[in-house]
Amino acid sequence: MSTLTRLTPLAVLLIVVVALVAPDPGPTAAAGKLSLWRLKTYIPPADKILDANAQECAKKAGMELAIQTYTFDDMWTKYTAAIESKTLPDIAELDAVGPARLANLGRLSDMSDVVGGVTKELGPILANAEGAVKFGGKYYAVPHYGIPLVLFYRKDILEKIGAEPPDTWEAIQQISQKVKQAGIHDFPNGFPWNRTGDGYDPAMSLLWSYGAAWVDKSGKFTGIPKGPAVQALKVVTSAYLVDKTAAFDYLSWSGSTNNESFMAGKITFTPNGPSILFQEESNKHPLQKDTAIKLMPKGPAGRNLALTFVMNWGVPVDGKQQKEAKAVVGCIMSRTQWMKYMTGSFQQAVPLFARPLDDPYWNTPNGKTIVETVKLGHPVGWPGPTTPAAAEVVSSNVLTDMITQVIVDKVTPEAAVDEANKRIKEIYDRLPVK
Amino acid sequence: MLTDRHREQLLGYTMIAPVAIFLAALVAYPFLSAIYLSLTEKIVGYPAHFVGLRNYANLLDSGRFRIVAWNSAVFTVASIAVKLVIGMAMALALHQVVRGNQFIRGILLLPWIIPTVVIALTWKWLLDLFRGLVNVTLIDVGVVKSGVHWLGDPSLAMLSVVMANIWRGFPFFGVSFLAALQTVPQELYDAADVDGAGSWQKFWRITLPSIKSVVAVVTLLSTIVTLNDFNIVFIMTRGGPGAATHIFATYSYELGIMSQRWGVAMAASMASLPLVALLIVGVVRYLHREEE
């Protein structure tokens with residue numbers, strides 16, 4: 001018997017085995033693979049809905065989708081490595097400064113067509129969200145949602161001392177003093193001024209509400225006006241240095257320590273996203289009935305809130321399947337998918353398009369405050385657009401360092417403002433606004 | 001035609017080639033690349049431009065960097081000094097233990113094998129102003145009336161991160177010293193006993209001189225690791241309050257990742273290199289002298 005004859009039955013057997021063992025490609029086999037990176041939020045049920053939506057959209061586009069997550073803490077570690085190694089995902093959920101940074105590098109596709117499609121279903125983009133995604137007349141990202149920072153306070157404590165919920169920065173200091181004097185909390189004022197969003201977002205709201213923005217409307221550096229900035233610094237640092245209503249430990253808090261301290265009943269005020277409401281609701285927390293939220297305070301120049309926690313969908317140019325990636329983004333932002341996500345987000349995901357803002361879902365006392373916060377919010381770099389330089393002012397902690405210099409290093413507010421101006425000028429000199 | 005000697009040389013080079021290539025790829029290239037980057041203006045996503053020593057000059061001119069350098073020195077020196085003392089005490093004590101020696105050694109090694117992230121989070125919780133075990137205990141036993149600001153007071157924050165670092169690192173000292181102690185001949189101690197030497201004299205005259213090479217190497221290695229530590233400070237304080245615990249690693253992270261300025265971030269992390277190089281040269285020369 002020849003070798004060929006002997007091997008034939010073996011070959012047939014091999015073919016049969018392979019045919020039986022090999023996975024069935026199925027009638028709707030994916031034409032390709034897409035990768036998507038998204039933020040892991042403090043609301044896991046909302047994340048699940050988003051993932052399900054994204055998978056459904058990918059399936060419609062005939063694609064397989066691999067989802068990876070990051071937190072606010074490691075987002076830029078992941079993106080920095082990907083930018084350098086040219087391995088950005090096909091679909092990138094970017095924070096408030098991400099579109100400006102990546103578009104400036106020429107790494108984001110023009111998303112104007114997708115935005116056009118989304119606005120037909122969800123209405124126009126909010127003007128304040130547009131500054132973070134539109135550059136040179138083109139949209140480089142699709143606004144996904146905003147997580148508004150609101151003022152959490154204990155309404156039972158305020159009732160006990162006969163105080164109205166505070167509406168100004170000064171009122172927070174005054175009420176904190178009363179709470180301390182009443183012996184309810186040693187350190188009621190939970191504004192941390194640390195290196196997390198709970199620090200730098202209120203820092204911008206504070207400065208802007210005192211009229212101390214550092215750029216003009218075109219985004220060019222003009223310097224922090226010294227008078228208003230010093231006034232603002234004196235108000236908030238007195239809580240640490242004079243009234244002792246805030247503890248130095250707050251300056252080292254992580255992004256979740258203020259949530260924990262508030263829910264442990266140790267502080268009266270703290271700035272935070274709506275995640276505390278979700279945590280109290282899901283744990284049936286005893287403080288739920290005593291927890292209330294309010295718009296962040298206003299100052300002499302008005303209520304100029306920062307809208308720092310804004311997430312946007314970008315499609316990096318590195319990807320080979322741009323069309324499909326854009327189709328998936330368009331689908332995730334379609335009315336049906338968006339409403340599923342929004343209404344399952346425990347009021348964390350606030351739309352940045354006009355129409356869903358009027359949905360009855362927001363027609364609750366907390367919902368109204370949350371929506372109002374987003375409507376009043378300004379993008380990073382206000383009153384100009386979000387620029388790479390404005391992004392770096394936030395990410396290099398210049399603003400919170402200015403405040404902590406007064407508290408920790410005991411420099412005068414005037415000297416702290418001078419130092420901050422020097423650092424911001426250096427950033428704008430290095431990253432000039434185009 | 002190759003001679004035997006040449007053939008032997010060729011074989012020798014061939015045998016060490018894989019290791020040499022491995023070291024070049026994984027050690028030399030990243031190291032040289034980091035040095036090169038520190039001499040450039042390199043922003044993430046853009047090409048690097050050579051700027052010579054400008055990054056270093058700017059850092060030296062920066063008040064913030066001077067604070068970071070001072071903090072790094074305090075963090076490292078304080079951590080190493082205490083780890084050295086506790087590690088030595090641990091080794092001497094364990095050296096005397098006969099029963100359960102292995103078990104105790106295993107327990108004492110725990111801090112060293114637990115991931116640093118877990119250690120940092122645990123210490124952060126222990127020292128929490130409101131709910132931390134340390135403050136709750138101090139208040140309960142009446143030592144203080146209200147919680148101590150371990151992570152908020154600038155000097156206590158540095159003390160806190162140093163404490164966490166010591167807790168993590170002292171077993172390395174202890175176990176290394178213990179291994180060295182077991183090589184010291186018992187006859188030396190017996191002779192010293194005959195001469196009427198006390199415990200202190202035996203430690204200074206026999207124990208320490210016998211294990212000083214190990215002490216030098218362990219101290220050097222731990223100094224390098226401590227100087228480059230990131231996790232403990234980043235998780236416990238993020239370099240705060242203000243810049244009170246900002247050290248080289250956290251500062252480089254802030255510059256390189258958050259601000260996307262790789263060139264200057266590399267320069268900041270390279271700043272400790274001359275000191276480390278001096279230490280390495282010093283220890284190596286010392287060890288050579290000892291061998292001779």
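This is a predicted model: local features need pLDDT of at least 70, side-chain atom pairs count only at pLDDT 80 or more; totals for chains, interfaces and linings use all residues.
**Chain A overall**

Chain A contains 19 helices and ten strands, and its C-alpha trace spans about 100 × 50 × 45 Å along the principal axes. Of its 434 residues, 53% count as buried. Among the contacts in chain A with a separation of 6 or more, 78% are accounted for by residues 24 or more positions apart.

**The five-stranded sheet**

Five strands of chain A form an open sheet with mixed pairing, in the order 2-1-3-10-6. Strand 2 (63–70) and strand 6 (142–146) of chain A stand at the edges and have a single partner strand each, so one side of each is left without a neighbour in the sheet. On average, and with direction ignored, neighbouring strands of this sheet are turned by 20 degrees against each other.

**Helix packing**

| Helix pair | Angle between axes | Axis distance | Handedness of crossing |
|---|---|---|---|
| Helix 2 (residues 44–60) and helix 13 (residues 322–332), chain A | about 130 degrees | 9 Å | right-handed |
| Helix 8 (residues 169–181) and helix 10 (residues 226–241), chain A | about 15 degrees | 9 Å | left-handed |
| Helix 7 (residues 154–181) and helix 9 (residues 199–227), chain B | roughly 150 degrees | within 9 Å | right-handed |

Helix 2 and helix 13 of chain A pack at an angle of about 130 degrees, which means that helix 2 of chain A is oblique to helix 13 of chain A. In this pair, Asn53(A), Ala54(A), Cys57(A), Ala58(A) and Lys60(A) of helix 2 meet Val328(A), Cys331(A) and Ile332(A) of helix 13. The residues of this contact divide into six nonpolar, one polar and one charged.

For helix 8 and helix 10 of chain A the angle is about 15 degrees, and helix 8 is therefore roughly parallel to helix 10. Helix 8 of chain A contributes Trp169(A), Glu170(A), Gln173(A) and Ser176(A) to the contact, while helix 10 of chain A contributes Val235(A), Val236(A), Ser238(A) and Ala239(A). By class, four of the residues in this contact are nonpolar, three are polar and one is charged.

In chain B, the axes of helix 7 and helix 9 cross at roughly 150 degrees, so that helix 7 of chain B is roughly antiparallel to helix 9 of chain B. The residues of helix 7 of chain B in this contact include Phe172(B), Phe173(B) and Phe177(B), and those of helix 9 of chain B include Ile211(B), Val214(B), Val215(B) and Val218(B). The contact of helix 7 with helix 9 of chain B has nine nonpolar and six polar residues, and no charged residues.

**Contact between chains A and B**

Across the interface, 27 residues of chain A are in contact with 24 residues of chain B. On the side of chain A that touches chain B, helix 3 (75–85), helix 17 (388–395) and helix 18 (398–407) of chain A each supply at least two residues, and helix 3 of chain A gives the most, with five residues. By class, this side of chain A has nine nonpolar, nine polar and nine charged residues.

Definitions and conventions. Residues are numbered from 1 along each chain as its sequence is written. Chains are lettered from A and ligands numbered from 1 in the order in which they are written. Axes are lines fitted to C-alpha atoms, for helices over the stretch in contact, and angles run from 0 to 180 degrees between N-to-C directions. Helices (H or I, at least four residues) and strands (E, at least two) are DSSP runs, numbered from the N terminus. Angles under 35 degrees count as roughly parallel, over 145 as roughly antiparallel, 65 to 115 as roughly perpendicular and the rest as oblique. A crossing is left-handed if the near helix is turned anticlockwise from the far one by less than a right angle, and right-handed if clockwise. Two residues are in contact if their C-beta atoms, placed from the backbone, lie within 7 Å. Ala, Val, Leu, Ile, Met, Phe, Trp, Tyr, Cys and Pro count as nonpolar, Asp, Glu, Lys and Arg as charged, and the others, Gly among them, as polar. A residue is buried if 20 or more other C-beta atoms lie within 10 Å of its own, exposed if 12 or fewer, and partly exposed in between; C-beta atoms are placed from the backbone. Two strands pair if DSSP finds at least two bridges between them.
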